Amino acid sequence: MDFNLKTETEEQTLIDSVRNTLTEQGDALRHLAEVIDANEYSTALSLMMNCKGHVIVSGMGKSGHVGRKMSATLASTGTPSFFIHPAEAFHGDLGMITPYDVLILISASGETDEVLKLVPSLKNFGNKIIAITNNANSTLAKHADATLELHMANETCPNNLAPTTSTTLTMAIGDALAIALIHKRHFKPDDFARYHPGGSLGRRLLTRVADVMQVHVPNVDINATFRQIIQELTSGCQGMVVVKENGKLAGIITDGDLRRYMEKCEDFVNGTAQSMMTRNPITMPLDSMIIDAEEKMTKHRISTLLITDSTQDVIGLVRIFD
């Protein structure tokens, strides 16, 4: 019994630690948002926006891991970027850097030896430097063209040693820069999709209805009988049939249309397509994007959308689950 009580107490202590960590890091982010130097951020964003080459990110240890994520986010949102390891750069990878590149150097202390070793070469190349550091008076900050300070009191780590709050703040700064550039570049979802063609979002934003539409479209004449409609409706397995008059689109009959007609008309077996159909069905042209078709179906609460060619002839259909 005592063992269980002890375990429950220890568990509560651990949960309290989790809450405290999240609270402390949240407070650090809110504090950073309140005290940022607008001039330094404006300079950094201007350097990145006007960069003719790549925005190269570099950092050592945990700062390097955050830097890789920062670079990946920039690259996927319209700012050409890559990460370079400071130690590898000092041993040959400096050849990857051109005078047109802007460097983001990350060091919480501003005194990381591997990062500082890059500065003389970068100055010699003529590169602009953006520093992300917690020490505005550090060696790194003094050589930077823009310094983005963390304004961190201490790490969340109880020993004030493990990079915790500093990495959270650094990652948030990277995201903030990327989002600001998205606004500046007017970066839209279809732009994002071009950099993510393999993801579900990319497929939705880049795929056209012509790529996924069903080409077999059940159809009947406007004077088709109830039996003919049922036969075409069941054989097509699409849950609808297109009604044509003189070869042109006149309407559509869905499962719902058929049920409603049967409920209101006792003599439904003698009805024709003309009396059952919904006129002026919603259509989309062949070159439409699938995401636009999805939005239209959602807006009008329909599950099937007819696809037409330049002459307004129905040549296919798209269902909501396509």
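Predicted model: local features only at pLDDT ≥ 70, side-chain atom pairs only at ≥ 80, totals over all residues.

Reader: Where does serine 288 sit?

Author: Serine 288 is in the loop between strand S10 (283-285) and helix H15 (290-300).

Reader: Buried or exposed?

Author: Serine 288 counts as buried, because its relative accessibility is 9%, and the cut-off for buried is under 20%.

Reader: And what does serine 288 touch?

Author: Arg208 and Val209, leaving out residues up to four places away in sequence.

Reader: OK, switching to the largest pocket. How much space lies in there?

Author: About 340 Å³. The largest pocket has 17 lining residues, and Ile252, Thr254, Ile302, Ser303 and Thr304 lie nearest its centre. By type, the lining divides into 7 nonpolar, 7 polar and 3 charged residues.

Reader: Which element gives the most to that lining?

Author: S11 does, with 3 residues.

Reader: Why is S11 largely enclosed?

Author: Because 5 of the 5 residues of S11 are buried. Thr304, Leu306 and Thr308 are on one side, Leu305 and Ile307 on the other, and both faces are covered.

Reader: What runs alongside S11?

Author: S10 runs parallel to S11, joined by 3 bridges. The chain goes from S10 through H15 to S11, a right-handed β-α-β crossover. Strand S12 (residues 314-319) is antiparallel to S11, with 5 bridges between them.

Reader: And what stands opposite leucine 305 in S12?

Author: Valine 318.

Note on methods
Residues numbered from 1 in each chain as written. Heavy atoms only, no water. Helix = DSSP H or I, 4+ residues; strand = E, 2+ residues; numbered from the N terminus. Buried < 20%, exposed > 50% of the residue type's maximum accessible area, 1.4 Å probe, protein only. Contact = heavy atoms within 4.5 Å. 1 Å grid on protein atoms, 1.4 Å probe; cavity = no way out; pocket = protein on both sides within 12 Å on 5 of 7 lines; lining within 4 Å. Points joined across faces, edges and corners; volume = space filled by probe spheres on them. Nonpolar A, V, L, I, M, F, W, Y, C, P; charged D, E, K, R; others polar. Pairing = 2+ DSSP bridges. Right-handed = clockwise from strand over helix to strand, strands pointing away.
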